[in-house]
Amino acid sequence: MDPTPEQRDAIDTYGDGIDLVLQAGAGCGKSSTLKMIAKSDPRRNMAYVAYNKAIAADASRSFPATVLCKTGHALAFDPRHLPRLNMPRQTAHAAAQALDVKRILGIIGSTPSIPTDVGPRKPMTGKIIMRAALDTIERWCHSSDPEIRKWHVPQYDGLTGEQPRTELLALVLPVALAAWADLTDETGVLKLSHDHYLKMWALSGPKLQTDVVLLDEAQDTNDVLSAVLLDQDHAQRIAVGDSAQQIYSWRGANDALARFVRELGAPELTLSQSFRFGPAIAAEANRWLRVIDAPLRLTGYDQADSTVGPVANPDAILCRSNSGAMGIVMEGLAAGRSVALVGGGGDIKSLAWAAEALQSGQPTDHPELMGFPSWDAVCEYAEEEDGSLKVLVKLINEHGTGPILAAADALVAENRAELVVSTAHKAKGREWPAVRIHSDFRAPKPDPKSGHILLPREEGRLAYVAVTRARQRLDAEAFAWVDTITAVSG
Ligand SMILES: Nc1ncnc2c1ncn2[C@@H]1O[C@H](COP(=O)(O)OP(=O)(O)OP(=O)(O)O)[C@@H](O)[C@H]1O
């Protein structure tokens, strides 16, 4: 295949031996370009860093042998971690007992409680404190910060006010510090996770034995990994991705493409010729790129036939939330179709179990619901907000948790499904012939101060990701509100 002028430019700039950023729009032949680069220079060793195992395995099969294809975790892995990684699954309750949370906090007798934003005090059992401490360690592990600090403790819905937050920090931080000390101690008792050894590796200041580092999907990279790769000053550093597809900043990921430009002064090249879809879908993508003020515009492939309009039987339906996706799964099952949910039913099951616990008066350590003392408090809170909690409450109050759990158990594998349902987040990197966007992507409400219809920029990027998953037919009726947006935030 002949390189396009943009691909030629990328190969030539690589040949100049300088650090480089490659902004590759959806379906614009990013992998092909990286292979062209690797083939242009067979004498140098390259390390291609993929964002998941499947992509690393795929790349290992198709890239030249000079390219080592691994995830960041695989680069960091050391077999000495195996016994701690292979420990049996440890619940927050078991971890709290193993670490003896009560001893760390000097708790004698009754369970401590903290105030909540919605009124009643919430009992903080050892299990809940441990869960929050482990969440804190996870957030810190994703950062490039050398020490655990209070900003690593997640913001939990229902516990965001000053007093709840202060009291939460006083319980969680000492346990997080003790848990990390345990995890780094060879005789420790807590189960190790992949993020834990990645952080240990990063803290050791590793140097990769390679001439070139290629970071893929760089728009959503945890700082812990970007910092290691930026530090490889003996190597030529290349970041590849699409800043307009950054959709995981809410989980702490950052745009490493921007970091490479800022910190290395790397020039930024663009691939804008899409080979995935034709001009109609490219136009839909460009509407969103315009809304979010992205510099990129896609050119549709003139040899691909694509249409935008109602699709009766899509291959995939993309949703904003897990609960929205579950609603579609249940509709599909009720209509007698075989349905797959990308990523499986685990997320929705744990939400349903957490709701069940609250409904029967038990506390839950599920991060989305742990800030609430009761199911009524969740419902009350959801009334006032307009996000995913509202969709969850509606789903659970409408169907009950039993049918939701049964539907999760009735899911089939994607290759056996008549319909694939996915959140837009989990559809990252995927494509289907015919895609419908679900109506749980809601139009933003007017901002009370300015009157603007204000769209958070990351929501606009998510919409761009969603519409660009379609190859041939796109039903984006649910995004009819795109033209009403008058401002973006974030
Ligand atoms: N220069 C080219 N001429 C013709 N077809 C091309 C060219 N470059 C890439 N393609 C085709 O485009 C399609 C997508 O390419 P590739 O797999 O490299 O993209 P990708 O890495 O999946 O892109 P993205 O990550 O943006 O989805 C492939 O079918 C590939 O053969």
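Ile317 stands opposite Arg436 of strand β13 in this predicted model, and Leu318 faces Ile437 of that strand. These contacts belong to the pairing of β10, residues 316–319, with β13, residues 432–437. The two strands run in the parallel sense and are joined over three bridges.

Strand β13 also pairs with β15, which covers residues 470–475. Four bridges join β13 to β15, and the two run parallel. Here Trp432 has Ala470 in β15 as its bridge partner.

These pairs are part of an open sheet of six strands. Read across the sheet, the order is β9-β15-β13-β10-β12-β11, and the pairing is parallel. Strand β9 (307–308) and strand β11 (339–341) stand at the edges. Each of these two has a single partner strand, so one side of each is left without a neighbour in the sheet. In general, strands of a sheet pair through backbone hydrogen bonds, in either a parallel or an antiparallel sense.

A record annotation can be set against this part of the chain. UniProt, in an unreviewed entry, places the feature "domain: UvrD-like helicase C-terminal" at residues 416–474. In the model, that span is 19% helix and 32% strand. The C-alpha atoms at the ends of residues 416–474 lie 22 Å apart.

Two residues elsewhere deserve a look for their backbone angles. Most residues other than glycine have a negative phi. Asp100 is not a glycine, yet its phi is positive, at about 60°. Asp100 sits in the loop between α6 (92–99) and α7 (101–105). Is Asp100 buried or exposed? The count is 12 other C-beta atoms within 10 Å, and a residue is exposed if it has 12 or fewer, so Asp100 is exposed.

Glu217 also has a positive phi, of about 50°, although Glu217 is not a glycine. The loop that holds Glu217 lies between β6 (212–215) and α11 (223–230). Glu217 has 25 C-beta neighbours inside 10 Å, and the cut-off for burial is 20 or more, so Glu217 counts as buried.

Methods. Residues numbered from 1 in each chain as written. Predicted model: local features only at pLDDT ≥ 70, side-chain atom pairs only at ≥ 80, totals over all residues. Pairing = 2+ DSSP bridges. UniProt positions renumbered as here; feature names shortened; annotations may be inferred.
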